[in-house]
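Please look over the model shown here. A short report on its fold and contacts comes with it.

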Amino acid sequence: MEKPFVSLEYPERITALGVFNKNPVIAVNDLTARYGDHTILDGVSFQVLKGEIFAIMGGSGCGKSTLLKHMIGLYTPIKGTVMIHGVDIAGADEATLKHVRREMGVLFQSSGLLGSMNLAENVALPLLEHTDLSAATIARIVNMKLGMVNLSGYGHYLPSELSGGMKKRAGLARAMALDPTILFFDEPWAGLDPITSAELNNIIKGINAGIGTTMVIVTHKVESIVYLADQAIMLDRDERGIIAQGDPRELKKHSSDPRVATFLTSDTAELNKEDT
Amino acid sequence: MEGQKGCDITLFISGRIVLENIDEAMSEIRLGLEEVTPEKLTVDLSGIDYLDTAGAMILLQLESEAHALSIPFEFLRMAKKTKGIMNLLDSKTIAEPPLIPKSKAPGILEQVGLASLALFNDIVLVVTFLGELLFALAHCVMHPRSVRWGDVLLYMKRAGVEGLPIVGLISLLLGLIIAFMSSLQLRQFGGNIFVASLVGVAIVKELGPIMTAVVVAGRSGSAFAAEIGTMMVNEEVDALVTMGFEPIRFLAVPKVIAAIVVVPVLTLYADLFGIGGGLIIGVAGLDLTVFSFVRQIQKTIKAFDIVSSLVKSVVFAMLIAGIACQRGFQTRGGAHAVGASTTAAVVSAIFLIVVADSAFAIILHYIK
């Protein structure tokens, strides 16, 4: 019998999942997704390594969000597998799936904050559900998480009282509440102005650099992909799959595929230029 | 821990400090430090295997607490990764009082005052809205082509046609119940035939209109409020305003017209089914013939009763659709606000139906 994988770079709860390889953190193999008779993705395969910021890019309707929903276990693939920390989430039993979900934080496009709860209650929600911590400790963690996204002092605000950018940051604070090892972002910059987008970029980059959280970002915002992502794939609606893969800066400079070149050079804002 | 009591103490922290064990770790550290009361505290972090932000938080908390007690504090041999995590956190934020507010329950007097103010504001809003609605309806009477008749037909189908089965079933059962319960008493006095009179009067004058109105309030009133409420939350109503539409004329008027048309029809339908329920008991349980039962109904129910019942149902329809739309337009916030508006629409509609019915009972008594 193989020995369970033990890594000082992971919390013990992951080794309890029976993971034997620390890399890749996410492995998508031959994934096929359909809506009715319409195939959205056909045979998509890629891997996300530990600590990477991984971008899934492409034009509207190419299946980015569909792919993300398969990766977070909301949809079951028609064919293929999605492995998170070595666990096939489509075939996992409920208990294992709960453990895997504990390792994933998701920032939805609309933030997904519960409108009936204030920000502090929203961030406290996963902590109350998944831990036995005291109320005082949870309150301190909530303060800390809101502070990490520059929302200190806004805990008593309802989501409806916040701007789009603040909602996004609050959603990120909630996604990070349990210190997940993987963070998923669905169009995090949608509807944000350039300054707020840059602020969010810095928060994402800071968290990745500080904690080493693996991040998967679905977006079509090129300048942010180039600024943030270590690796990227580009999906295409007609190909129903990946048409480019690699370092987004390299793809931008050297891709010979006109679809990739057009996509990556069509949206070049000056923001973050010096950082890239 | 290393050092003498009351002197410089070095605290060695090792292992995994994560979300799941921070409470135990912190209480263990506090317990140890209480015993030694250090003059200076040094925390050696070289033994830490794994640290998450919650673990980093308690280290910063320890530093804050030491500073608060004026104890010189220092971290020793902090790994690069630990430093990276610590740099993300703001010790001032962590030390702030908990943000989860403990709501202070208002006193009884304050509650009465708040409830009175809320009621007054609500009445003002409802009256204002009804005024605007009547104005919009009057405009539609003058300019019938401005009405969105396609929507009127759609809401007539939803509120009327799709409500036929439940209205019919409830009325039939009501007729059955009234006839059965009254027959138990009237049979003792040989007054079987008066079961028909009782069923006729009860159904046509009161229960037919009121039960139909309650069912329409539950089915369609809630749907109207939820639809407009969701549009408010999604800024669809704001979009209509910016495009130059009047939301009341665009959204509320078709619903109100549809309700005014279908509720009286549903009421007549409910009357028929209610009387049908009484007829079943009369024929099956009281040895009455269909002819004698119907004849007795004809003798008891006057045209005035039917007309007054229809007038009532028109007023009920206006109240149901009007209040549902008003509650919908009042929606602010998110999904929970839509739910609250829907509930408020149904409760307010039923309350207003009963109030209006009481007023009708008195007015009709004197008119007759």
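Predicted model: local features only at pLDDT ≥ 70, side-chain atom pairs only at ≥ 80, totals over all residues.

Residues are numbered from 1 along each chain as its sequence is written, while chains are lettered from A and ligands numbered from 1 in the order in which they are written.

**Chain B**

| Property of chain B | Value |
|---|---|
| Radius of gyration (over C-alpha atoms) | 35 Å |
| Span of the C-alpha trace along the principal axes | about 105 × 60 × 40 Å |

A compact globule of 368 residues would come out near 21 Å, by the rule of 2.2 Å times the number of residues to the power 0.38. Chain B holds 13 helices and 3 strands. These are DSSP runs numbered from the N terminus: helices are H or I, at least four residues, and strands are E, at least two. Of its 368 residues, 38% are buried (20 or more other C-beta atoms within 10 Å of the residue's own, with C-beta atoms placed from the backbone).

**Contact with chain A**

In all, 35 residues of chain A are in contact with 29 residues of chain B (C-beta atoms, placed from the backbone, within 7 Å). On the chain A side, α4 (119–130), α5 (135–148) and α7 (194–211) each give two or more residues. The most come from α5(A), with 11 residues.

**G328(B)**

G328(B) sits in helix α12 (residues 303–329) of chain B. Why is G328(B) counted as buried? Because 29 other C-beta atoms lie within 10 Å. Beyond four places in sequence, its contacts include F224(B), M232(B) and S341(B). R77(B) is 251 residues away along the chain, and the two C-alpha atoms are separated by 61 Å.

Conventions
Buried ≥ 20, exposed ≤ 12 C-beta atoms within 10 Å, placed from the backbone. Contact = placed C-beta atoms within 7 Å.
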